[in-house]
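Biologist: Could you show me the structure and walk me through the words you use for it? I'd like to see where each label comes from.

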Amino acid sequence: MSLLTQYAFLIVPIVKVAVLILIVLTVDAYLTWIERKVVAHIQSRWGPHRVGPHGLLQPLADGVKFIFKEDPLPANVDKVAYFLAPFLALMLALTSLAVIPFGPDIPVLGHRLTLSVADVNISLLVLFSITALAVYGVALAGWASNNKYSLLGGLRSSAQMISYELALTLSVVGVLLVAGSFSLREIIEHQANGHLGLLGWNIFGFTKDGVGFTQIIGFFCFYIAAIAETNRVPFDLPEAESELVAGFHTEYASMKFAMFFIAEYTSMITISCLATILFFGGWLSPFPASWTLTHYVPSLLLIPLGLWVIFDGLRYENIFGRIVLPGVGVVLAAIGAGLIVFPAVNDAIQGVFWFLTKVFTFLFIYVWMRGTLPRFRYDQLMSFGWKFLLPVSIANVVLTSAVVLWRMH
Amino acid sequence: MRPILENLWIIPLLPLLGCALNGLLGAKWPKKTVDAVALGSTGLSFVLAIEAVREFLGYYQSNYHAFVKPFFDWIVAGNFRAGFDLQMDQLTVVMVLVVTGVGFLIHIYSTGYMAHEGGYYRFFSYLNLFMFFMLILVLAANFALLFVGWEGVGLCSYLLIGFYFLRKSATNAGNKAFIVNRIGDFGFMLGMFLLFRTFHSLDFAAVFDATSKLPPDAMGQFGTLTIASLLLFMGATGKSAQIPLYVWLPDAMEGPTPVSALIHAATMVTAGVYMVARSHVLFTHAPTAMYVVAIVGCATAFFAATIGLVQSDIKKVLAYSTVSQLGYMFLGCGVGAFGAGIFHLMTHAFFKALLFLAAGSVIHAMSGEQDMWGMGGLASKIKVTFWCMLFGTIAIAGFPPFAAFFSKDSILFSAYNYEHNGKALYTVGLLAAVMTSFYMFRLIWLTFFTEKRYDEHHVHVHESPLNMTVPLMILAFLSLTGGWFALPALFGGKDYFAEFLAPVFGAAEAGGEAGQSLEHTLSIVAVVAAAIGLLVAWRMYTKKVKRRPSQGLHKVLYNKYYVDELYHAVVVGPLVWLSRNVFWKVVDVGLVDGTVNGIASGSRAVGDTVRQTQSGNTRSYAVWVLVGAIVVLAIIFWPILHPALFGEVR
Amino acid sequence: MTGALVIFFALAALAVVGSVSLILQREPIHSALSLIVVMVALAGLYLLMGAEFVAAVQIIVYGGAIMVLFVFVIMLLNAGEEERTNFSKLATFAGIPLALAVTGFIAAAIAHSSASLPAPEPSGALTSTKTLSMLLFSDFVYPFELTSFLILVAILGAIVLAQREN
Amino acid sequence: MVPTNYYLILSAILFGLGIVAFVFKRNVIAIFMAIELMLNAVNLAFVAFSQSFGKVDGEVFVLFVIVVAAAEATVGLGIIILTARNRRSLNVERVDLLKL
């Protein structure tokens with residue numbers, strides 16, 4: 001025990017990182033499942049449903065496949081870059097999660113546990129720095145793998161990322177001006193004002209004295225630019241199947257490909273978190289603080305979910321249906337119930353709950369878009385980025401700063 | 001209230017305007033317009049001059065000194081100031097009236113004479129320019145401005161002598177005149193410098209006041225004043241064609257006759273006399289200079305007259321007579337009778353202008369013939385010209401009551417009374433007078449009497465138009481009456497001219513009874529001398545004359561004592577040789593061009609070597625940048641790296 | 001040997017190694033990567049000195065924009081292995097000594113003037129971005145505006161260069 | 001606590017390496033990188049000084065340097081692209097004529 005306390009400054013972060021990576025990887029895996037499911041339903045298909053109930057085990061299967069597939073090395077590639085690229089991509093993607101606060105400090109054994117690996121006061125800048133570097137993963141991959149499609153993919157992605165990074169950064173400046181800090185934590189806390197609830201979020205921008213300036217323009221700019229940054233539909237030109245086979249990762253297989261894959265989904269998560277934090281009040285509950293009853297919302301969601309899982313699992317005449325699913329359902333329902341029983345715990349997880357809810361909403365929107373929107377043409381992409389997004393975000397900056405000034409005096 | 005006197009600059013300005021208008025626009029204009037501008041400007045300035053004189057006389061009544069007015073600063077350098085200052089005193093009055101008056105008449109005459117010449121507007125533009133500079137010269141109130149006029153008239157004379165610039169001889173004559181004048185001007189400038197160095201000013205008033213306070217040099221002593229005076233006189237010899245610089249004047253006859261009349265007889269050549277008279281204070285303080293002036297003048301008078309005896313070109317005769325008359329003027333000045341000199345200047349302006357214009361009219365009648373041996377018996381054909389010419393001749397010969405009688409008489413009288421062998425000067429002058437009347441009457445006879453020696457069929461003699469004859473008549477009248485200011489002096493009255501000029505030159509020396517009687521005798525002698533000349537000429541040229549091959553003394557005289565040849569051999573030849581073989585082939589080609597080409601080839605060689613560094617190879621450039629950086633760093637860190645030199649830097 | 005020193009030496013070594021490899025690498029893309037490494041290392045050093053904002057800007061602008069531009073151009077021109085020609089004798093022979101000389105100069109100057117430097121601020125005292133921005137918009141506002149103008153000019157120049165003459 | 005000299009010495013070393021790279025790289029882009037490296041070295045010195053004097057001015061200068069570097073890179077790379085297109089070579093030793 002004493003050892004623990006002595007080396008806490010080392011142990012705690014390591015534990016945090018481990019936990020975080022574990023969670024994130026799982027989420028990534030199941031994100032692919034969700035995506036496939038949702039898109040399938042949008043396209044009125046079934047999607048994966050063979051491996052496990054609702055294809056729930058599909059991600060595991062994919063993972064196994066990735067691991068055991070052969071990993072061919074294309075002829076005369078630039079080895080250093082070729083190997084560096086996926087590692088870089090994944091590393092950066094995961095690192096970026098380190099500065100994100102998933103919730104308010106929660107008391108554990110008398111210690112205050114901050115729900116972020118590194119709580120630096122320039123977390124946003126760090127985040128941007130990392131996203132800025134993220135481009136190299138793609139670009140290098142494209143360059144290294146001695147293949148014209150890859151090269152084109154790499155070129156496109158690097159150009160696209162530079163172009164949209166400007167808009168991304170500028171769209172956030174509005175929020176920074178309002179909050180007056182680079183620290184994500186402080187940005188969230190600035191949005192917290194008891195009696196207003198969700199109206200206080202930057203997306204609506206009301207302040208305690210009522211008047212406010214909405215950051216909705218900033219939000220849209222941010223979100224569009226973010227999608228482009230993550231090379232997702234409708235901006236997934238670097239990996240446009242119809243044009244470039246698979247773009248920058250054409251020549252990559254098995255784990256290296258998996259790394260790109262994970263990196264992409266992780267950055268999706270990061271971006272969703274960022275959007276949540278910057279514009280939607282992070283872990284703040286949408287309801288005014290006075291409405292204490294709303295603390296039971298998690299339970300009210302978890303218990304029915306658990307019951308439904310039990311009920312649904314019973315339809316399968318196999319081990320899953322008979323044991324696993326009901327078990328999971330029971331656990332869920334139990335957690336829900338437990339939250340009601342132990343208000344302290346309940347209060348502790350409130351922030352995390354709301355945070356995750358919002359993040360998942362955004363992830364869903366990602367998927368939703370993928371199912372809905374067609375791909376941009378390259379010149380459209382560029383002209384959109386430079387001629388529309390950038391000016392609009394600059395205008396947003398100007399407006400916001402004007403309002404801030406006016407509010408000062 | 002003296003509108004003109006206060007704005008004296010108007011008088012010279014008008015001719016300048018005329019010159020500018022004619023010179024710039026005249027080419028397009030019809031003759032009438034050019035006439036209008038030229039005559040208008042000069043005539044108006046003549047009228048204004050008269051008005052100015054009237055005002056000046058009024059001014060002089062009230063305050064007894066010259067009228068001087070500075071108009072603007074021209075050069076101001078340190079303690080040296082040369083302003084555009086004009087002045088008006090009795091001397092100026094005479095000069096201005098002569099210049100503008102005679103000038104105006106000659107302008108009128110020119111409209112007739114030049115009627116058929118090319119470059120009509122150019123001629124009048126030059127003439128007006130000359131008027132301008134001449135007026136500046138006589139109105140100037142300091143040596144610097146006077147020098148401006150001095151050089152200006154020189155320029156105009158050059159331009160007008162070379163007016164027929166297609167004739168080689170004309171341009172040569174122009175150059176000769178210019179160059180010879182340069183020599184004189186050199187002396188003049190030295191004189192000015194000396195004066196400035198002595199008196200720290202060039203204003204007449206200042207210089208002369210200072211001088212009058214100084215003690216005069218003794219005879220034969222070469223003090224500053226003497227040197228200065230001599231240098232100034234050198235300039236005068238150049239401008240007024242005295243020995244040894246007279247050679248340009250006869251050649252100057254290449255110019256149109258009105259020019260000869262205006263510039264080379266009436267006005268410009270008298271500038272030297274004017275200048276000497278103007279600085280009489282200096283000269284009176286330098287007896288040696290005076291003596292030199294007298295001798296030179298006298299010698300020139302005699303010398304030129306001898307040459308004049310045998311010349312056959314009508315204008316040449318007049319030219320040499322001009323030279324000798326100028327000699328008379330200098331003689332007058334030299335012996336201290338500045339008034340007499342100026343007096344003769346005026347009368348000479350009248351009758352010599354008359355003679356030249358008449359000669360011009362003759363030439364006009366003979367349609368360009370100038371050789372007297374090609375004339376003869378014109379008297380009946382061109383009466384007006386003849387009578388005017390005759391008047392002029394009588395005047396210059398010095399018969400009473402014509403102008404020159406009085407002026408020349410007073411000069412000789414003063415010469416006679418001059419303390420340094422005045423008798424000798426007098427005798428020479430008298431001989432010159434004899435010769436003068438001889439060659440003048442020779443001219444009359446050869447031209448107007450004896451049988452005609454030209455071909456009727458080719459030349460058809462005709463009288464000149466009115467605009468030529470009228471000025472002749474006016475001048476004839478003037479040369480008759482011009483001397484009558486001094487008329488009373490003969491009968492014990494007083495010489496009004498001398499008296500008029502008294503404020504400038506001081507009171508004329510009172511002859512007293514003895515002087516009176518002496519003056520009578522001298523004048524009688526002079527008349528007799530003139531008569532002798534007349535008779536000899538009559539004897540020689542009334543009966544059938546034919547041109548004999550000239551030999552012996554005649555040949556020498558006819559060739560002007562070979563002076564030109566002498567000068568060419570002594571001065572011009574060596575100079576040309578020097579310029580060609582030293583200054584051109586050595587200095588210019590060797591030194592100047594050598595230097596320039598050397599620099600060029602040197603830089604080329606340097607460039608060839610330095611160009612090697614410009615390889616275009618960026619890496620080499622990078623290294624050069626490094627070198628530069630190291631130098632800069634070395635400079636910056638020198639004190640740090642060498643605390644021993646600069647002490648510990650903290 | 002405090003932690004700060006350890007970190008410093010680690011990062012310094014990284015930077016030096018990066019720049020050396022920038023020189024030794026023949027593939028432009030590898031040089032670019034090495035340079036990125038150097039920049040990241042420098043950013044780390046800035047953080048160590050507590051210049052957080054500069055560190056961030058270092059990575060965002062240098063690492064994220066400028067170097068990406070380099071990589072982009074390298075890819076665009078498909079720049080292969082550089083040929084080690086030696087046309088410039090001057091550079092071949094005089095290059096190293098001169099470079100050493102300059103470095104020596106600077107080093108000497110530092111060594112000499114080191115005594116005059118005041119003791120550094122206690123570590124960890126991060127210069128807050130606020131003061132930085134205050135300074136930037138008060139004392140340095142004119143240079144700041146000038147830089148914006150400079151960037152405008154640069155953009156125009158780039159456009160002019162990029163458009164094909166027709 | 002790291003003494004300021006260390007930073008300065010490091011920046012000097014980096015600068016020297018930059019010079020070496022500037023002279024010994026033949027690839028235009030690489031040379032450009034060398035310039036950037038030198039700029040970085042200078043930046044390091046700036047920050048070090050601003051730290052040791054406890055003044056922020058140095059960091060402001062760093063920002064300016066970075067901006068200038070960005071502008072420079074934009075134009076420079078544009079020029080490089082044109083040159084490469086026209087001369088078919090990125091080797092500065094082969095591009096030694098002002099006009100073709």
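What follows is a chat about labels and the values behind them.

Modeller: Two things first. This is a predicted model, where local features need pLDDT of at least 70, side-chain atom pairs count only at pLDDT 80 or more, and totals for chains, interfaces and linings use all residues. Residues are numbered from 1 along each chain as its sequence is written, while chains are lettered from A and ligands numbered from 1 in the order in which they are written.

Biologist: Okay! Why is D251(B) called buried?

Modeller: We count neighbours: a residue is buried if 20 or more other C-beta atoms lie within 10 Å of its own, exposed if 12 or fewer, and partly exposed in between, with C-beta atoms placed from the backbone. D251(B) has 21 other C-beta atoms within 10 Å, so it is buried.

Biologist: And where is D251(B) found?

Modeller: In helix α10 (residues 248-251) of chain B. Helices (H or I, at least four residues) and strands (E, at least two) are DSSP runs, numbered from the N terminus.

Biologist: Which residues is D251(B) in contact with, leaving aside its neighbours within four places in sequence?

Modeller: A173(B), K176(B) and A177(B). Being in contact means that the C-beta atoms of two residues, placed from the backbone, lie within 7 Å. S169(B) is 82 residues away from D251(B) in sequence, yet their C-alpha atoms are 8.6 Å apart in space.

Biologist: Now the two tyrosines. Why does Y561(B) count as partly exposed, and why does Y562(B) count as exposed?

Modeller: Y561(B) has 13 C-beta neighbours inside 10 Å, so it counts as partly exposed. Y562(B) has 12, so it counts as exposed. Y561(B) sits in the loop between α24 (553-558) and α25 (563-611) of chain B, and Y562(B) lies in the loop between α24 and α25 of chain B too. Neither is a glycine, but Y561(B) has a positive phi of about 60 degrees and Y562(B) has one of about 55 degrees.

Biologist: What makes α2(B) roughly antiparallel to α3(B)?

Modeller: The axes of helix α2 (residues 10-25) and helix α3 (residues 31-62) of chain B come within 8 Å and cross at roughly 175 degrees. That crossing makes α2(B) roughly antiparallel to α3(B). Axes here are lines fitted to C-alpha atoms, for helices over the stretch in contact, and angles run from 0 to 180 degrees between N-to-C directions. Angles under 35 degrees count as roughly parallel, over 145 as roughly antiparallel, 65 to 115 as roughly perpendicular and the rest as oblique.

Biologist: How do the residues of that contact of α2(B) with α3(B) divide?

Modeller: Into 13 nonpolar, five polar and no charged. Ala, Val, Leu, Ile, Met, Phe, Trp, Tyr, Cys and Pro count as nonpolar, Asp, Glu, Lys and Arg as charged, and the others, Gly among them, as polar.

Biologist: Next is α8(B). How do you know that its buried residues are on the same side?

Modeller: F204(B), V207(B) and T211(B) are buried in helix α8 (residues 204-213) of chain B. They cover an arc of only 75 degrees around the axis, so they are on the same side of α8(B). The arc is that of the directions from the helix axis to the C-beta atoms. The face turned away from the buried side of α8(B) carries the exposed S212(B) and K213(B). Among the elements covering the buried residues of α8(B) are β2 (80-88) and α7 (168-199) of chain B.

Biologist: What joins strand β1 (residues 67-77) of chain B to β2(B)?

Modeller: Nine bridges, with the strands running antiparallel. Two strands pair if DSSP finds at least two bridges between them. F67(B) stands opposite M88(B) in β2(B). The hairpin has two residues between the strands, and G78(B) takes a positive phi near 60 degrees there.

Biologist: Let's finish with chain D. How many helices and strands does chain D have?

Modeller: Three helices and zero strands. Of its 100 residues, 60% count as buried.

Biologist: How many residues of chain D are in contact with chain C?

Modeller: 62 residues of chain D, meeting 73 residues of chain C. The largest share of the chain D side, 22 residues, comes from α3(D). That side divides into 45 nonpolar, 12 polar and five charged residues.
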